[in-house]
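Work through these exercises with the model open. Each task is followed by a stepwise solution.

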Amino acid sequence: MMKSNNFFRLFFCIVAGIFLVSCDFPYQPKRFILPTIPSPFISADSIAAFIGTSNVKIAYTLNEGSRWVYFIDFNKPSPVPVKLKKPAGKENINGDSPLISPDGSFVTYYLTHGADIQGAYLQKLDSSASPVLVAANGTEPHWWKDSSGQVYIVYSDQMMSTSLVKGNYFTYRQKVSLEGIGSLIGPAETIAAYPMNGGMSAKGRFLCTGYMNAAFYAIADSALIPINEGIQTCNPSIDPDSADPGSMMFLNIGGPQHLNNPFSGNADFPGTVLPPHSVLFIVNTENTVLDYVPLSLATSKYLPYLEWQDPEWSNNPGFASALGVIDEANADIMIIKNIDDRMLAKELLNVTPDKYKVNSTSTPYLWIGR
């Protein structure tokens, strides 16, 4: 769970729009030409061959002294990473966990300074668009759409859930409009007296969370359903399947897991005592493992991966994204295919295979258009 890392900075250089300063005055002034932005990503054709469409966007962050939100649209004629603005006065605050809206036009994310929450935001996927504050105390925002098509942002007021004591922290649902630069509709609604940071299931039956305690929250019953009790987890993410099966994805912390795991004897399962972040689990409300993705499935062009980091289910239940971490400064964005079907072999695509990498804190999200 590395949340800080060093990223090289060049003097008189701003990454993702590299402005080179030339001092030829007063003799023979040269015309300024903006250089090509280096992109870590593979081609749109490679994306389309793997996913079945190039109507794909990936949001992520890059550490440039602080973490900035980027996105890339593979449906463009020449896809390049686009950097989004931060709120005025918060340029040195870290952006985290950008998630793209159901229609692919906006992103929601939060800002954080260490463990200090700096607000959840809504922002159009446009380099000129300004962010819109969703909640000053908001963290880990997720999109949710009701049966009528109305869009909401679900967030909590505790970034890393250290305890699940009823009434200490809360989860909220904020109705939003995606017209113009985006706006809020009415006040936020409290939907749980616990900090549930993994999103809400398609039909609104469940929330999920993880960190010191993993759990589902059954909304109709106002009831917590503990998962992997007594064992820390990371990066909870709810299943987006419209059938609303009640399952969540998360990463393990080291050691034995308190799960009903029918796969523990499989040849590619790492054993009883797991290295940290070595397995991406999918678990249902019965605390039973439905599927898993071991780190051994991911291969690097340069160095072995040390761990998984920042997995997140996409808007399509068959796909997820995650980081294959190389070292504290470098990671690859991986797309995982067949994440929703244990009968199908998992397929992985490294979308940043070359030396220009993303960071180990880049929190990627995959959006797939219909």
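**Exercise 1.** In what order do the strands of the open sheet of four strands lie, and is the pairing parallel or antiparallel?

*Solution.* The model is a predicted one.
- Step 1: Read off the order, which is β3-β2-β1-β24. The pairing is antiparallel.
- Step 2: Find the edges. β3 (82–83) and β24 each have a single partner strand, so one side of each has no neighbour in the sheet.
- Step 3: Look at one pair. Strand β2 (residues 67–73) runs antiparallel to β3, and two bridges join them. Phe71 has Val82 in β3 as its bridge partner.

**Exercise 2.** Describe the largest pocket and its lining.

*Solution.* 
- Step 1: Take the volume. The largest pocket holds about 720 Å³ of space.
- Step 2: Locate the centre. The lining has 30 residues, and the closest to the centre are Pro102, Ala202, Pro240, Asn315 and Arg370.
- Step 3: Assign elements. β4 (94–100), β8 (139–145), β16 (233–238), β20 (307–313) and β24 (365–368) each give two or more residues to the lining. The largest share, four residues, comes from β8.
- Step 4: Sort by class. The lining has 14 nonpolar, 10 polar and six charged residues.

Terms used. Residues are numbered from 1 along each chain as its sequence is written. This is a predicted model: local features need pLDDT of at least 70, side-chain atom pairs count only at pLDDT 80 or more; totals for chains, interfaces and linings use all residues. Side-chain values use heavy atoms; hydrogens and water are left out. On a 1 Å grid over the protein atoms alone, a cavity is a set of points where a 1.4 Å probe fits but cannot get out, and a pocket is an open set with protein on both sides within 12 Å along at least five of seven lines; lining residues have an atom within 4 Å of a point. Grid points are joined across faces, edges and corners, and a volume is the space filled by probe spheres set on the points. Ala, Val, Leu, Ile, Met, Phe, Trp, Tyr, Cys and Pro count as nonpolar, Asp, Glu, Lys and Arg as charged, and the others, Gly among them, as polar. Two strands pair if DSSP finds at least two bridges between them.
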